[in-house]
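Look at the structure first, then follow the pairs one by one.

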Amino acid sequence: MLPRSDSGCQTRDWKQALRQAITETDVLLDALGLDRDRLPPLDPDPRPFGLRVPRAFVALMRPGDPDDPLLRQVLPLARERVVVPGFSADPVDDAAADRGDGLLMKYHGRALLIATGACALHCRHCFRRHYPHAAAETGQTRLRAALARLAADRSVNEVILSGGDPLMLDDDRLDALLDGLEAIGQLRRVRLHTRMPVVLPARITEALCARLARGRLETVVVIHANHANELGEAAAAALARLRETGTMLLNQAVLLRGVNDGVAAQCALSERLLGCGVLPYYLHQLDRVQGGAHFQVDDAEARALVATLRARLPGYLVPRLVRERPGAVAKLPLAVGDEI
């Protein structure tokens, strides 16, 4: 079954849609016709990582359903304040990889640039929900310094634009950033990790697509969809526009308790992704971020889930189950079945 239509909540002006995003819990619950007594205890004041959800994304949620998988990803709960051993503010040790000016260096040949700390949607499982984005915000001065660092490091051939969400940058700032990257001769690829085609499809404008199409660098866009219902009509159209630029489209999902930890949900997500021209790439085990413990799925259950997916889906639709460990040379696969 296709997701609910979000066409009635779309605006062609993505900045206007962003300004109209819901930032108050009561407004979100009213929009869905939900009473608080049907929900777990809510966080009365979720700041500094407050609620933010675009109205088009809300339109994809099931009204009156307290267990809606999209709602679960964004609703601030009181349990996020509970301190759980093993869960930290920096679960993947970004601090150790910080080279200054918004650059993180973890893996050979690749550098990650924190392009902005802002996101259109605040996912409660976000592993950077406690990251000091204000200190790492890449203004023009920091951007020039980051580009100089990249140009001086001949080992780097791919730059990952992350955040936050790099597509929260307006066209002028994004264009300047891409121009700066294209001027670095040893770079071959730029990779954008973004939720925007899913949660704010209006951001995928003709101007943005034209800029990506004319760039020197090979372009990969990695979206983040956790459930098939996130991929409504507008998201499918946005992804089609990106495909027309020759951009490779991949998806990274996070395995989340109560959201996508069932076989049916994972199969539906993979099939819907393929229908939108996106290949499943990674299924991440939850980064153990403070506030996200209630989403955790244990490793044995995760492995069993992926083993069942292998029996039901073509191999190219089965995402690779991985975990990020601080200090590792790459994302580490969690062995499934006979996999070594």
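Start with Glu 80, which forms a salt bridge with Arg 124; their closest N and O atoms are 3.0 Å apart. A salt bridge here is a side-chain nitrogen of Lys or Arg within 4 Å of a carboxyl oxygen of Asp or Glu. This pair links distant parts of the chain, 44 residues apart. Glu 80 sits in the loop between helix 4 (69-74) and helix 5 (94-97), Arg 124 in the loop between strand 3 (110-114) and helix 6 (133-136). Helices (H or I, at least four residues) and strands (E, at least two) are DSSP runs, numbered from the N terminus. Both Glu 80 and Arg 124 are buried. Buried means under 20% relative accessible area, exposed over 50%, and partly exposed in between (1.4 Å probe, protein chains only).

The model is predicted: local features need pLDDT of at least 70, side-chain atom pairs count only at pLDDT 80 or more, and totals for chains, interfaces and linings use all residues. Residues are numbered from 1 along each chain as its sequence is written, and side-chain values use heavy atoms, with hydrogens and water left out.

Now turn to Asp 299 and Arg 323. Their side chains meet in a salt bridge of 2.8 Å, N to O. Asp 299 lies in helix 13 and Arg 323 in strand 9 (residues 320-323), so the pair ties together parts 24 residues apart in sequence. Asp 299 counts as partly exposed because its relative accessibility is 22%. Arg 323 is buried, at 6%.

Salt bridges also form a network, linking Asp 175, Asp 179, Glu 182, Arg 211 and Arg 214. The count comes to 24 salt bridges.
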